[in-house]
Amino acid sequence: MTIQKKNTKLVIFCIIGVIILGAVLFRTYVITDYNGRETTGDYALAETSAILIDDSRLETFEQDGSKREVPVHFYFPENIDDFSEDTLPLVIFSHGAFGYYQSNTSTYMELASHGYVVVSLDHPYHSFFTKDSSGKTVTVDSEFFQTALSVGGSDVPEAEIYDITSEWMQLRIADMNFVVDELKKAGSDDTLSAAWFYDDKGKDILVSVLKATDFDKIGLMGHSMGGATAVTVGRRADISAVIDIDGTMLGEETGVEDGVVQINEEPYETPLLAIANEEHHRQEVDAVRNSYAYANNVVLQNATCGYETYFKNAGHMNFTDLPLISPALANMLGTGDVDPGGCIDTMNSIILRFYDCYLKGEGEFSVEESY
């Protein structure tokens, strides 16, 4: 294993370590007033939420026999009943390690203002915190916390890192697949099955949102590990477009042979956009220079329709709303010198154009090498 290989592999773990530290110190920072970004679409926005309960999976972070629960949070045009059936494309978002469903609120709002239904899901015990169907606050799992801290050490064998990260990815991929399936089923049946846990007052609005959703046009996206989740789930035939926001595509790693990580080389047939920060981009370039098969490079090389871009002077957290919500915390977690408002607005504009092209069939998509 070359030194460059280890450095590239460690990008995600350096990020995770910093995020953990930030989570620990979160309450010591003052959160500034944040009212979101100004949207550019024609529609006013509304929100609702539910919890999807997967009866086929035990909650492995508990010992009480409970089932896996996945909270889902909807953003959509306010006057949803004004839309005809199967009108609005669907975009599903997955947060990063120790993230939170609201991490990219400005992105969801921008898309919803242009006539999209956006569903941001929480991965319980991987997220900073969420709530379960009993109303209990579920915080990040302590073992996950400690493992993420230790696994990035330079003395950790590649095979051990793969075993750990593949388990993380299996959980997240199962969560997102379950959400896709349940949303489609509810949309097809025009009813909410026993898998849905919701406020009775919110049932009608949930049904209205699902009725207006076009399940033939589904986009996936995510930040960091959420982006990796979106990429692998995006191989489904019913997914129309995928965006990876600064994530190492860990779900595309298939194993380790003789200390070398193996990457899935099957053609990637879903339109794919990868957005990276400058350091992440540099790691990808160095991987090519050192003949290291880095997952992102391999997937994009095998993509039927793949795009990639990076943002100069941006850090990992510049692709979330955190620098605009709490600059002090965001700086501790990892930001660059880029203007935070300009960065997120530019990224949201790119995301909108990509989905407009591949989910709505509007215009042609292109992207600069860097911004």
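Biologist: Is Phe144 buried or exposed, and with what relative accessible area?

Modeller: This is a predicted model, in which local features need pLDDT of at least 70, side-chain atom pairs count only at pLDDT 80 or more, and totals for chains, interfaces and linings use all residues. Residues are numbered from 1 along each chain as its sequence is written, and side-chain values use heavy atoms, with hydrogens and water left out. Buried means under 20% relative accessible area, exposed over 50%, and partly exposed in between (1.4 Å probe, protein chains only). Phe144 is therefore buried, with a relative accessible area of 4%.

Biologist: How many aromatic pairs does a search of the whole structure find?

Modeller: Rings of Phe, Tyr and Trp (its six-membered ring) pair if their centres lie within 6.5 Å, and planes under 30 degrees apart count as stacked, over 60 as edge-to-face and the rest as tilted. By that rule, the number of aromatic pairs found in the whole structure is 20.

Biologist: How many residues apart in sequence are the parts that Phe74 and Trp196 tie together?

Modeller: Phe74 and Trp196 are stacked, at 6.4 Å centre to centre with 25° between the planes, and both are buried. Strands (E, at least two residues) are DSSP runs numbered from the N terminus, as are helices (H or I, at least four). Because Phe74 lies in strand E2 (residues 67-77) and Trp196 in strand E7 (residues 196-197), the parts tied together are apart in sequence by 122 residues.

Biologist: How many of the residues of helix H6 are buried?

Modeller: Among the buried residues of H6 are Met225, Thr229 and Val233. Helix H6 (residues 225-233) is largely enclosed by the rest of the structure, because its buried residues number nine of the nine.
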